[in-house]
Amino acid sequence: MPKLIPPQLARRLLVLVTLVVCYLTAVPFHLDPSRPGVARRWARAELVPFHNAQGRRMSGSDTLGNLLLFLPVGFCLHGWRLAAGRDRRPRLVSTVLACSLGSFAIESMQLLLADRFTSVNDVMNNTLGAALGAALALRFYAPFAAALQTVWRNLRQRPGVLACLGLGLSFLLWRLAPFNFTPRLDNVWNNWLHWLHSVRHLSRLNETWRTLDLREYWPLAGAENLLFGIVLGGMVHWCVRWYWPANSHRQWVIPLAAAGLLILLNGFALLAKTNPPDVLPDLACVLGMFLGTRIFRTAPRHPAAAVKRLQWWYVVFFLLVLGRPDFGELTLAHNGTAAPSLLAELAASVQPRHLFRPDAQPLRLFVKFFLTFLPIAFLLARGTRARWQISLARRTAGGALLSAGLGLGLQLFRHLVMGVHAGLPAVVALIAGAVAGILLEDWWEKQASRRPETETSGGLPAPGSS
């Protein structure tokens, strides 16, 4: 059988899918390795096939969820073995056995997690899903790999679309974190009732400054999503102008993009266990996307000027996110009446009992800060390359130091001026976002230099042109 895609790409796809599955089966990371805790979870483990711990038959939703969870693992593992070419036709049995052992390892690890439980039914359903995925790989991995390569090649020729997809993904990540999902019908019904309640709550916003789940102030949450919608709507609008200027249906792109984003977001939110849906941020984001189209309609057609105008809106959004005083994930419980020092707050924010909280709010904070600072670091790295010919190592070190200083300065401002708790995860997230943005810009420059000029003339400005 001929090689489908380069083995290293198939391996990266397999690693990505495996990490996602491991994450979904381990959240919310409430580690409890004590002997009483392990004994308590072992007592309620599901050890009888097709029955739960109470002796009742397994529900169809739980069976379907575990089957679908490992289907992409079996698909990607067997596809990687096909792409590697070590065997002309790898055996399905070995692929299924490897996935079954992986599922057994995950279920064994769940004995150490306070909010998870071990189930022999999960291993059975995971194995069945992996077998189905491996069987599908024999027939569909080749066209899937070819389609994936075609999509990636088109995105490289249209980097603006790639930027829009990245912004949309960032919106989904920080809205859906901590990513604890379940397809149980009772959970979906409760989230649906919560969404309906949030719709009725809109008429009573003047009675309180808090959102429906009392986690944040609704004016700040609305402003944050409005600004993000303006940025995303502006990018979508410019992509239509750059790549499809003569398309007769381009006026429908913004409504379809907003509808698709909301359908995807609320579809996952209905399955969430710790982050129920709320209509207020959705409405703010949709309004922002339409405003972005109106605001940037008169922008220059040159991509460099368009991106430069857009980045100021993103800077305002960035400052709002980092300066908000109401992050619930920064609220730390302290013993005593005296206000702790800044160093004490920073040290307390990285203690395991706060980092591995059941609601995983520190993870939500890290995701938000990281994805907020990454595009700014990318733009600054492009400007640095244009003005000073500095090596990648120096740019990376300088970006890390500057972001660390900015993060510590903001935490000092929060502590002394705003009187709210500071947190070290935000500083680490800024450093990670800066480093990732610089490395991404360097990769972008190398990719652009390898392509003919005709392939890059319609996309974002060439590195250094802004």
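**Cysteines and helix packing in a predicted model**

A search of the whole structure finds 0 disulfides. The structure is a predicted model. Cys-239 is in no disulfide, and the nearest cysteine sulfur, that of Cys-164, lies 3.6 Å away. Cys-239 is buried, because its relative accessible area is 4% and the limit for a buried residue is under 20%. Cys-22, with a relative accessible area of 34%, is partly exposed, since this value falls between the limits of 20% and 50%.

The protein chain contains 17 helices and 0 strands. Of its 466 residues, 45% are buried. Among contacts in the protein chain with a separation of 6 or more, 80% are between residues 24 or more positions apart.

Two helix pairs are described here. Packed helices are characterised by the angle between their axes and by the distance between the axes. The pair formed by helix 8 (residues 218–243) and helix 10 (residues 279–295) packs at an angle of about 40°, and the axes are 6 Å apart. Helix 8 and helix 10 are therefore oblique to each other, as angles under 35 degrees would count as roughly parallel and those from 65 to 115 as roughly perpendicular. The crossing of helix 8 and helix 10 is right-handed. On the side of helix 8, the residues in contact include Trp-218, Gly-222, Asn-225, Leu-226, Gly-229 and His-237. Helix 10 contributes, among others, Leu-280, Pro-281, Ala-284, Cys-285, Gly-288 and Thr-293. By class, this contact of helix 8 with helix 10 comprises 12 nonpolar and 9 polar residues, with no charged residues.

In the other pair, helix 7 (residues 185–201) and helix 9 (residues 253–271) have axes that come within 7 Å and cross at roughly 125°. Helix 7 and helix 9 are likewise oblique to each other, because an angle must be over 145 degrees to count as roughly antiparallel, whereas the roughly perpendicular range ends at 115. Asn-187, Val-188, Asn-191, Trp-192 and Trp-195 of helix 7 meet Asn-266, Ala-269, Leu-270 and Leu-271 of helix 9. The contact of helix 7 with helix 9 consists of 6 nonpolar and 3 polar residues and has no charged residues.

Definitions and conventions. Residues are numbered from 1 along each chain as its sequence is written. This is a predicted model: local features need pLDDT of at least 70, side-chain atom pairs count only at pLDDT 80 or more; totals for chains, interfaces and linings use all residues. Side-chain values use heavy atoms; hydrogens and water are left out. A disulfide is a pair of cysteine sulfur atoms within 2.5 Å. Buried means under 20% relative accessible area, exposed over 50%, partly exposed in between (1.4 Å probe, protein chains only). Axes are lines fitted to C-alpha atoms, for helices over the stretch in contact, and angles run from 0 to 180 degrees between N-to-C directions. Helices (H or I, at least four residues) and strands (E, at least two) are DSSP runs, numbered from the N terminus. A crossing is left-handed if the near helix is turned anticlockwise from the far one by less than a right angle, and right-handed if clockwise. Contact means heavy atoms within 4.5 Å. Ala, Val, Leu, Ile, Met, Phe, Trp, Tyr, Cys and Pro count as nonpolar, Asp, Glu, Lys and Arg as charged, and the others, Gly among them, as polar.
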